[in-house]
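Please study both before turning to the solutions.

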Amino acid sequence: MTELEAVRLFKCLADKSRLQILKSLAAEDMYVERLAERLDLAPSTISFHLKKLADAGAVRSYRTQYYTMYSLCREIFDTRILDIICETSGEAQLQTQREAEYRRRVIDAFFEYGRLKSIPAQQKKERIVLEEIARAFEPGRSYTEREVNLILADYHDDFCTLRRDMVAEGILSREQNYYRLEDILSSAPASSSAPAR
Amino acid sequence: MCQDRQTRIFSYFDGEMEGLRSREQALAADERRDEAVFVRVRFNIFEAFHAVFSAGIKICRGDEEQLRQFFLTRTEQIAQSWLASRQKAMAHDDTYKLYLEDIKLEACADIRSAFMRIWEGSL
(Lines give C-alpha, C1' and ligand atoms only; values in the text may rest on other atoms or scores of the structure.)
Protein backbone atom coordinates (compact mmCIF):
# COMPACT_ATOMS: atom_id res chain seq x y z
CA MET A 1 0.00 0.00 0.00
CA THR A 2 1.47 3.35 -1.01
CA GLU A 3 1.41 6.36 1.31
CA LEU A 4 -1.29 7.98 -0.81
CA GLU A 5 -3.43 4.83 -0.71
CA ALA A 6 -3.03 4.64 3.08
CA VAL A 7 -4.10 8.29 3.48
CA ARG A 8 -7.10 7.68 1.23
CA LEU A 9 -8.10 4.59 3.21
CA PHE A 10 -7.78 6.27 6.61
CA LYS A 11 -9.73 9.31 5.43
CA CYS A 12 -12.40 7.04 4.04
CA LEU A 13 -12.70 5.09 7.29
CA ALA A 14 -13.08 8.27 9.37
CA ASP A 15 -16.84 8.31 8.89
CA LYS A 16 -19.40 6.56 11.06
CA SER A 17 -21.74 5.65 8.22
CA ARG A 18 -18.94 4.03 6.26
CA LEU A 19 -17.81 2.11 9.33
CA GLN A 20 -21.39 0.88 9.76
CA ILE A 21 -21.42 -0.26 6.14
CA LEU A 22 -18.13 -2.12 6.65
CA LYS A 23 -19.50 -3.76 9.79
CA SER A 24 -22.50 -5.01 7.82
CA LEU A 25 -20.29 -6.26 5.00
CA ALA A 26 -18.01 -8.00 7.49
CA ALA A 27 -21.02 -10.14 8.41
CA GLU A 28 -22.03 -10.92 4.82
CA ASP A 29 -22.05 -9.54 1.28
CA MET A 30 -24.97 -7.16 0.64
CA TYR A 31 -26.61 -5.04 -2.03
CA VAL A 32 -27.35 -1.32 -1.81
CA GLU A 33 -31.05 -1.51 -0.88
CA ARG A 34 -30.41 -3.98 1.92
CA LEU A 35 -27.68 -1.81 3.38
CA ALA A 36 -29.98 1.21 3.08
CA GLU A 37 -32.68 -0.58 5.05
CA ARG A 38 -30.29 -1.82 7.74
CA LEU A 39 -28.62 1.55 8.25
CA ASP A 40 -31.70 3.71 7.68
CA LEU A 41 -30.00 5.73 4.97
CA ALA A 42 -31.10 6.64 1.46
CA PRO A 43 -29.92 4.18 -1.23
CA SER A 44 -28.21 7.09 -2.99
CA THR A 45 -26.25 7.87 0.18
CA ILE A 46 -25.27 4.22 0.51
CA SER A 47 -24.13 4.20 -3.13
CA PHE A 48 -22.04 7.28 -2.51
CA HIS A 49 -20.35 5.71 0.53
CA LEU A 50 -19.77 2.43 -1.31
CA LYS A 51 -18.11 4.27 -4.17
CA LYS A 52 -15.77 5.98 -1.72
CA LEU A 53 -15.01 2.67 0.00
CA ALA A 54 -14.39 0.99 -3.35
CA ASP A 55 -12.05 3.80 -4.45
CA ALA A 56 -10.10 3.34 -1.21
CA GLY A 57 -9.85 -0.41 -1.87
CA ALA A 58 -11.97 -1.32 1.14
CA VAL A 59 -14.84 -2.99 -0.72
CA ARG A 60 -15.40 -4.60 -4.10
CA SER A 61 -18.53 -5.36 -6.07
CA TYR A 62 -19.72 -8.26 -8.20
CA ARG A 63 -22.87 -8.91 -10.13
CA THR A 64 -25.33 -11.66 -9.40
CA GLN A 65 -28.47 -12.44 -11.33
CA TYR A 66 -30.52 -9.67 -9.73
CA TYR A 67 -28.22 -7.43 -7.76
CA THR A 68 -24.81 -5.82 -7.60
CA MET A 69 -23.39 -7.24 -4.42
CA TYR A 70 -20.71 -5.60 -2.28
CA SER A 71 -18.10 -7.44 -0.24
CA LEU A 72 -15.36 -6.48 2.15
CA CYS A 73 -11.74 -6.54 0.86
CA ARG A 74 -10.55 -8.55 3.82
CA GLU A 75 -6.88 -8.50 2.75
CA ILE A 76 -6.80 -4.71 3.28
CA PHE A 77 -8.04 -5.11 6.84
CA ASP A 78 -5.61 -7.92 7.56
CA THR A 79 -2.77 -5.42 7.05
CA ARG A 80 -1.25 -4.20 10.30
CA ILE A 81 -1.20 -0.42 10.74
CA LEU A 82 2.46 -0.72 11.74
CA ASP A 83 3.23 -2.35 8.37
CA ILE A 84 1.61 0.61 6.61
CA ILE A 85 3.63 3.10 8.66
CA CYS A 86 6.91 1.24 8.14
CA GLU A 87 6.47 0.84 4.40
CA THR A 88 9.02 2.74 2.33
CA SER A 89 7.34 5.64 0.63
CA GLY A 90 8.38 8.09 -2.05
CA GLU A 91 8.95 10.69 0.63
CA ALA A 92 11.07 8.30 2.71
CA GLN A 93 13.22 7.50 -0.32
CA LEU A 94 13.62 11.20 -0.96
CA GLN A 95 14.70 11.73 2.65
CA THR A 96 17.25 8.91 2.38
CA GLN A 97 18.56 10.40 -0.85
CA ARG A 98 18.92 13.86 0.75
CA GLU A 99 20.72 12.31 3.71
CA ALA A 100 23.14 10.44 1.43
CA GLU A 101 23.88 13.62 -0.51
CA TYR A 102 24.60 15.46 2.73
CA ARG A 103 26.98 12.71 3.86
CA ARG A 104 28.74 12.86 0.52
CA ARG A 105 29.26 16.61 0.84
CA VAL A 106 30.63 16.29 4.41
CA ILE A 107 33.02 13.50 3.42
CA ASP A 108 34.24 15.43 0.36
CA ALA A 109 34.82 18.49 2.51
CA PHE A 110 36.78 16.77 5.29
CA PHE A 111 38.75 14.07 3.54
CA GLU A 112 41.56 14.61 1.09
CA TYR A 113 43.28 11.65 -0.57
CA GLY A 114 41.94 9.39 2.16
CA ARG A 115 43.18 11.51 5.09
CA LEU A 116 41.16 13.68 7.37
CA LYS A 117 41.96 17.36 6.83
CA SER A 118 40.54 18.33 10.22
CA ILE A 119 38.21 16.90 12.84
CA PRO A 120 34.79 18.56 12.34
CA ALA A 121 33.71 20.79 15.21
CA GLN A 122 30.04 20.14 14.53
CA GLN A 123 28.94 16.91 16.21
CA LYS A 124 26.66 15.87 13.34
CA LYS A 125 29.50 16.18 10.81
CA GLU A 126 32.02 14.51 13.11
CA ARG A 127 29.65 11.57 13.46
CA ILE A 128 29.56 11.16 9.67
CA VAL A 129 33.36 11.34 9.48
CA LEU A 130 33.79 8.81 12.29
CA GLU A 131 31.31 6.42 10.66
CA GLU A 132 33.34 6.67 7.48
CA ILE A 133 36.58 5.88 9.32
CA ALA A 134 34.86 2.97 11.09
CA ARG A 135 34.76 1.18 7.72
CA ALA A 136 38.46 0.45 8.24
CA PHE A 137 37.57 -1.82 11.18
CA GLU A 138 36.47 -5.41 10.75
CA PRO A 139 33.15 -6.28 12.40
CA GLY A 140 33.40 -8.81 15.20
CA ARG A 141 37.19 -8.50 15.61
CA SER A 142 38.83 -7.30 18.84
CA TYR A 143 41.53 -4.65 18.57
CA THR A 144 44.15 -3.61 21.09
CA GLU A 145 44.49 0.12 21.73
CA ARG A 146 47.75 0.13 19.79
CA GLU A 147 46.05 -1.44 16.77
CA VAL A 148 43.25 1.10 16.96
CA ASN A 149 45.75 3.95 17.17
CA LEU A 150 47.65 2.66 14.15
CA ILE A 151 44.48 2.53 12.06
CA LEU A 152 43.34 5.97 13.18
CA ALA A 153 46.77 7.52 12.70
CA ASP A 154 46.37 6.81 8.99
CA TYR A 155 43.50 9.28 9.01
CA HIS A 156 44.65 12.00 11.36
CA ASP A 157 47.58 12.82 13.63
CA ASP A 158 45.24 13.38 16.58
CA PHE A 159 44.30 9.69 16.74
CA CYS A 160 43.64 9.90 20.51
CA THR A 161 40.75 12.32 19.98
CA LEU A 162 39.39 10.16 17.16
CA ARG A 163 39.57 7.05 19.34
CA ARG A 164 37.91 8.72 22.33
CA ASP A 165 35.18 10.24 20.17
CA MET A 166 34.48 6.93 18.43
CA VAL A 167 33.93 5.35 21.83
CA ALA A 168 31.82 8.30 22.98
CA GLU A 169 29.68 8.04 19.84
CA GLY A 170 29.17 4.32 20.41
CA ILE A 171 30.96 3.42 17.17
CA LEU A 172 33.67 1.53 19.03
CA SER A 173 33.14 -0.25 22.32
CA ARG A 174 35.91 -0.73 24.85
CA GLU A 175 36.05 -3.64 27.24
CA GLN A 176 39.09 -4.78 29.21
CA ASN A 177 41.47 -2.78 26.99
CA TYR A 178 40.07 -4.28 23.79
CA TYR A 179 38.08 -2.37 21.21
CA ARG A 180 35.33 -3.73 18.99
CA LEU A 181 33.34 -2.19 16.20
CA GLU A 182 29.70 -1.72 17.17
CA ASP A 183 27.00 -2.59 14.64
CA ILE A 184 26.34 0.96 13.49
CA LEU A 185 27.36 0.78 9.87
CA SER A 186 24.28 -1.12 8.79
CA SER A 187 22.19 1.97 9.64
CA ALA A 188 24.62 4.43 8.05
CA PRO A 189 24.20 4.86 4.30
CA ALA A 190 27.17 3.46 2.41
CA SER A 191 29.46 5.97 0.82
CA SER A 192 30.16 5.21 -2.83
CA SER A 193 33.48 6.98 -2.73
CA ALA A 194 34.82 6.24 0.71
CA PRO A 195 38.27 7.64 1.36
CA ALA A 196 40.86 5.36 -0.18
CA ARG A 197 43.25 3.70 2.22
CA MET B 1 -53.37 38.29 0.87
CA CYS B 2 -50.02 38.99 -0.76
CA GLN B 3 -48.46 39.66 2.62
CA ASP B 4 -49.89 36.43 3.98
CA ARG B 5 -48.36 34.36 1.14
CA GLN B 6 -45.01 36.01 1.62
CA THR B 7 -45.10 35.35 5.35
CA ARG B 8 -45.95 31.71 4.78
CA ILE B 9 -43.20 31.31 2.21
CA PHE B 10 -40.66 32.92 4.51
CA SER B 11 -41.82 30.77 7.37
CA TYR B 12 -41.46 27.67 5.14
CA PHE B 13 -37.87 28.68 4.33
CA ASP B 14 -37.06 29.46 7.95
CA GLY B 15 -38.52 26.19 9.22
CA GLU B 16 -36.69 24.08 6.65
CA MET B 17 -33.42 25.91 7.21
CA GLU B 18 -33.61 25.52 10.94
CA GLY B 19 -34.27 21.80 10.57
CA LEU B 20 -31.37 21.42 8.15
CA ARG B 21 -29.00 23.34 10.38
CA SER B 22 -29.71 21.15 13.38
CA ARG B 23 -29.50 18.01 11.22
CA GLU B 24 -26.11 19.10 9.89
CA GLN B 25 -24.84 19.68 13.43
CA ALA B 26 -26.14 16.31 14.59
CA LEU B 27 -24.47 14.50 11.69
CA ALA B 28 -21.16 16.27 12.22
CA ALA B 29 -21.28 15.45 15.93
CA ASP B 30 -21.97 11.82 14.99
CA GLU B 31 -18.82 11.73 12.81
CA ARG B 32 -20.85 11.51 9.60
CA ARG B 33 -18.97 14.35 7.91
CA ASP B 34 -19.89 13.64 4.31
CA GLU B 35 -23.59 13.45 5.11
CA ALA B 36 -23.27 16.68 7.10
CA VAL B 37 -21.76 18.31 4.01
CA PHE B 38 -24.67 17.08 1.90
CA VAL B 39 -27.15 18.59 4.34
CA ARG B 40 -25.17 21.82 4.24
CA VAL B 41 -25.45 21.82 0.45
CA ARG B 42 -29.23 21.50 0.73
CA PHE B 43 -29.24 24.28 3.33
CA ASN B 44 -27.29 26.54 0.97
CA ILE B 45 -29.90 26.06 -1.75
CA PHE B 46 -32.66 27.07 0.66
CA GLU B 47 -30.63 30.09 1.67
CA ALA B 48 -30.03 31.07 -1.96
CA PHE B 49 -33.68 30.66 -2.93
CA HIS B 50 -34.72 32.61 0.16
CA ALA B 51 -32.53 35.43 -1.20
CA VAL B 52 -34.11 35.08 -4.65
CA PHE B 53 -37.57 35.40 -3.13
CA SER B 54 -36.53 38.46 -1.06
CA ALA B 55 -35.07 40.08 -4.18
CA GLY B 56 -38.31 39.31 -6.06
CA ILE B 57 -40.38 41.15 -3.45
CA LYS B 58 -38.24 44.27 -3.90
CA ILE B 59 -38.22 44.10 -7.68
CA CYS B 60 -41.91 43.28 -8.18
CA ARG B 61 -43.19 45.92 -5.71
CA GLY B 62 -46.41 44.25 -4.68
CA ASP B 63 -47.32 42.72 -8.07
CA GLU B 64 -48.18 39.18 -7.00
CA GLU B 65 -48.24 37.55 -10.41
CA GLN B 66 -44.97 39.15 -11.35
CA LEU B 67 -43.42 37.88 -8.10
CA ARG B 68 -44.62 34.34 -8.78
CA GLN B 69 -43.23 34.46 -12.32
CA PHE B 70 -39.97 35.99 -11.14
CA PHE B 71 -39.37 33.30 -8.51
CA LEU B 72 -40.27 30.36 -10.74
CA THR B 73 -38.25 31.67 -13.71
CA ARG B 74 -35.15 32.48 -11.69
CA THR B 75 -35.12 29.19 -9.81
CA GLU B 76 -35.56 27.29 -13.07
CA GLN B 77 -32.67 29.21 -14.64
CA ILE B 78 -30.45 28.41 -11.67
CA ALA B 79 -31.38 24.74 -11.82
CA GLN B 80 -30.44 24.58 -15.50
CA SER B 81 -26.77 25.04 -14.68
CA TRP B 82 -26.96 22.21 -12.10
CA LEU B 83 -28.62 20.00 -14.67
CA ALA B 84 -25.81 20.69 -17.14
CA SER B 85 -23.23 20.04 -14.42
CA ARG B 86 -25.00 16.78 -13.52
CA GLN B 87 -24.86 15.58 -17.12
CA LYS B 88 -21.18 16.38 -17.30
CA ALA B 89 -20.56 14.51 -14.04
CA MET B 90 -22.50 11.53 -15.36
CA ALA B 91 -20.44 11.50 -18.57
CA HIS B 92 -17.23 11.48 -16.53
CA ASP B 93 -18.50 8.96 -13.99
CA ASP B 94 -17.93 11.50 -11.22
CA THR B 95 -20.06 9.99 -8.46
CA TYR B 96 -19.36 12.70 -5.92
CA LYS B 97 -20.30 15.57 -8.22
CA LEU B 98 -23.31 13.68 -9.49
CA TYR B 99 -24.57 13.16 -5.97
CA LEU B 100 -24.07 16.84 -5.10
CA GLU B 101 -25.95 18.00 -8.20
CA ASP B 102 -28.77 15.56 -7.37
CA ILE B 103 -29.04 17.10 -3.90
CA LYS B 104 -29.24 20.60 -5.38
CA LEU B 105 -31.81 19.61 -7.98
CA GLU B 106 -33.88 17.76 -5.38
CA ALA B 107 -33.81 20.79 -3.07
CA CYS B 108 -34.80 23.01 -5.97
CA ALA B 109 -37.73 20.74 -6.89
CA ASP B 110 -38.88 20.59 -3.24
CA ILE B 111 -38.78 24.37 -2.86
CA ARG B 112 -40.61 25.02 -6.13
CA SER B 113 -43.26 22.46 -5.25
CA ALA B 114 -43.76 23.93 -1.75
CA PHE B 115 -43.83 27.43 -3.23
CA MET B 116 -46.58 26.48 -5.66
CA ARG B 117 -48.65 24.80 -2.95
CA ILE B 118 -48.30 27.79 -0.63
CA TRP B 119 -49.18 30.12 -3.49
CA GLU B 120 -52.25 28.13 -4.32
CA GLY B 121 -53.17 27.96 -0.66
CA SER B 122 -52.91 24.19 -0.31
CA LEU B 123 -49.98 24.25 2.12
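This is a predicted model: local features need pLDDT of at least 70, side-chain atom pairs count only at pLDDT 80 or more; totals for chains, interfaces and linings use all residues.

Residues are numbered from 1 along each chain as its sequence is written, and chains are lettered from A and ligands numbered from 1 in the order in which they are written.

**Exercise 1.** State the confidence of the predictor in chain B and in the complex.

*Solution.* Begin with pLDDT, the predictor's confidence in each residue, from 0 to 100. The mean for chain B is 93, and 97% of its residues reach 70 or more. Confidence in chain B is lowest in helix H1 (residues 2-29), with a mean of 93, and highest in helix H2 (residues 33-60), with 96. Finally, the complex receives an ipTM of 0.76 and a pTM of 0.62 from the predictor.

**Exercise 2.** Describe how H2(B) and H4(B) pack.

*Solution.* Two packed helices are described by the angle between their axes and the distance between the axes. Axes are lines fitted to C-alpha atoms, for helices over the stretch in contact, and angles run from 0 to 180 degrees between N-to-C directions. H2(B) and helix H4 (residues 95-120) of chain B pack at about 40°, with their axes 9 Å apart. Angles under 35 degrees count as roughly parallel, over 145 as roughly antiparallel, 65 to 115 as roughly perpendicular and the rest as oblique. H2(B) and H4(B) are therefore oblique to each other.

The next step is handedness: a crossing is left-handed if the near helix is turned anticlockwise from the far one by less than a right angle, and right-handed if clockwise. The crossing of H2(B) and H4(B) is right-handed.

For the last step, two residues are in contact if their C-beta atoms, placed from the backbone, lie within 7 Å. The residues of H2(B) that meet H4(B) include B:Phe38, B:Val41 and B:Arg42, and their partners in H4(B) include B:Leu100, B:Ile103 and B:Lys104. By class, this contact has 10 nonpolar, no polar and two charged residues (Ala, Val, Leu, Ile, Met, Phe, Trp, Tyr, Cys and Pro count as nonpolar, Asp, Glu, Lys and Arg as charged, and the others, Gly among them, as polar).

**Exercise 3.** Describe how H9(A) and H10(A) cross.

*Solution.* The axes of helix H9 (residues 145-153) and helix H10 (residues 159-168) of chain A come within 9 Å and cross at roughly 115°. H9(A) and H10(A) are therefore roughly perpendicular to each other, and the crossing is right-handed. A:Val148, A:Asn149, A:Leu152 and A:Ala153 of H9(A) make the contact with A:Phe159, A:Leu162 and A:Arg163 of H10(A). These residues comprise five nonpolar, one polar and one charged.

**Exercise 4.** Which elements of chain A give two or more residues to the side that touches chain B?

*Solution.* The contact takes seven residues from chain A and nine residues from chain B. On the side of chain A, helix H2 (16-27) and helix H4 (43-55) each give two or more residues. The largest share, four residues, comes from H4(A). By class, the side of chain A has one nonpolar, three polar and three charged residues.
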